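Please examine the sequence and the structure shown below. The report after them describes selected features of the model.

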Amino acid sequence: MKFAETFPPGEFLKEELEARNWNQTEFSEIIGRPVKMVNELLLGKRAITPETAVQLGDALGTGPELWMNLESQYQLSKVVRQNNAVARKAKLYQKFPVREMMKRGWVGAADSIDVLEQQFLRYFGLKSIDEPLYVPAHAAKRSSEDVSALQLAWLIAARRLALTAMVPRYQPEALRAALPQIHALMSAPEETRHVVKMLNGCGVRFVIVEALPSSKIDGACFWLDGGQPAIAMSTRLDRIDNFWFVLRHEIEHVLCEHGKQELMIFDEDLSDELSEDQIEEERIANDAASSFPFNRAEFDGYIARVQPYYFSEQKVLNFAARLGVHPGIVVGKLQRRFGEYKYLRPHLVKTRHIVIQSAPHDGWGASTIEV
């Protein structure tokens with residue numbers, strides 16, 4: 001913003017006195033102030049205070065507002081605005097999750113607004129701050145145009161981390177053949193530590209990236225150069241049932257090559273319930289995850305046998321043992337089926353602390369993403 005008047009109000013005052021043929025001494029007598037003060041006003045050495053503005057307005061018939069406005073404009077014109085830094089920083093905070101990205105170490109703190117802007121442009125692959133965000137992904141429940149900067153920041157971090165993994169060429173047949181072995185890992189939370197090695201052996205990269213607040217992202221499937229797939233998970237809920245559901249969901253995306261043309265497909269707020277706004281890829285992946293490790297018919301049959309909706313802890317343990325899975329996986333399905341989320345909750349054990357011991361990960365106090 002440019003100010004039309006860049007000289008002190010004293011210049012206006014001098015013109016007013018000349019128009020009335022008043023000298024400084026006469027004017028000082030009129031307003032009852034020292035001659036020295038009038039002289040300093042004319043030379044721009046003294047600022048006009050509200051009290052002085054009232055006296056000038058009364059003496060010259062202009063009203064005090066004119067003099068206060070002239071003083072304000074003059075003072076503002078003297079302020080050096082360094083590259084409009086405040087406005088530029090405000091635009092950064094409006095467009096990107098600046099605080100969260102700095103906290104995670106994805107961008108570094110910088111005193112210079114130029115350096116700070118360049119970090120965000122480089123991170124998001126933009127040429128200018130006004131350029132729309134490009135989302136090389138397709139979303140589970142909505143179009144890519146609706147992906148937030150918060151979610152996109154997570155997706156980029158996950159992709160960068162996946163690029164650091166060294167794995168052999170992807171073998172679809174090996175991944176499908178590994179499903180029974182993955183099933184065998186579902187018997188205890190400690191077995192989740194083998195997931196990374198098993199997926200890597202099939203040529204699938206696997207990383208864990210902590211979800212940003214309010215992003216609700218559970219996982220994503222990436223396709224890197226050469227058709228190399230990668231699975232990223234947030235372990236946002238950190239429950240054994242959710243871990244296996246999201247993992248199987250993403251594995252199905254890989255097996256079906258979902259999102260390969262778009263390079264990425266991400267999933268937020270996943271559950272085994274289908275909704276009308278889900279795209280076909282999500283229906284397929286959800287069906288595979290919901291039927292793993294046991295299909296819907298088997299689960300429905302179990303429920304029918306223990307009607308009327310009474311599931312003792314022992315019956316749940318017996319059913320889980322027969323299927324060779326951890327009881328928390330059965331409990332999670334029962335909770336969602338009947339909406340009783342406090343039911344046998346202690347069985348919903350955590351797995352994140354086990355998985356990140358072997359998986360490349362970012363978050364929870366540590367960042368492995370290079371700025």
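## Confidence of the model

The structure is a predicted model. Its chain has a mean pLDDT of 87, and 89% of the residues reach 70 or more. Among the elements of the chain, the highest mean pLDDT, 97, belongs to strand β2 (residues 205–209), whereas strand β1 (residues 138–139) has the lowest, 54.

Over residues 1–5 the pLDDT is below 50. Where pLDDT is low, predicted coordinates should not be read in detail.

## Nonpolar cores

The largest nonpolar core comprises 51 residues. Those that touch the most other members are L175, F206, W244, L247, I251 and Y302. Helix α13 (residues 240–255) supplies the largest share of this core, with nine residues.

For I251, when residues up to four places away in sequence are not counted, the residues touched are L175, L179, I182, L199 and I231. Another core, of 37 residues, lies apart from the largest one; W106, Y123, I156 and V209 are among its members.

## Residue T52 in helix α4

T52 lies in helix α4, which spans residues 50–60. Is this residue buried or exposed? T52 counts as buried because its relative accessibility is 4%, and the cut-off for burial is under 20%.

With neighbours within four places in sequence left aside, T52 is in contact with R33 and L41.

Key:
Residues are numbered from 1 along each chain as its sequence is written. This is a predicted model: local features need pLDDT of at least 70, side-chain atom pairs count only at pLDDT 80 or more; totals for chains, interfaces and linings use all residues. Side-chain values use heavy atoms; hydrogens and water are left out. Helices (H or I, at least four residues) and strands (E, at least two) are DSSP runs, numbered from the N terminus. Buried means under 20% relative accessible area, exposed over 50%, partly exposed in between (1.4 Å probe, protein chains only). Contact means heavy atoms within 4.5 Å. pLDDT is the predictor's confidence in each residue, from 0 to 100. A nonpolar core is a set of buried Ala, Val, Leu, Ile, Met, Phe, Trp, Tyr and Cys residues joined through side-chain atoms within 4.5 Å.
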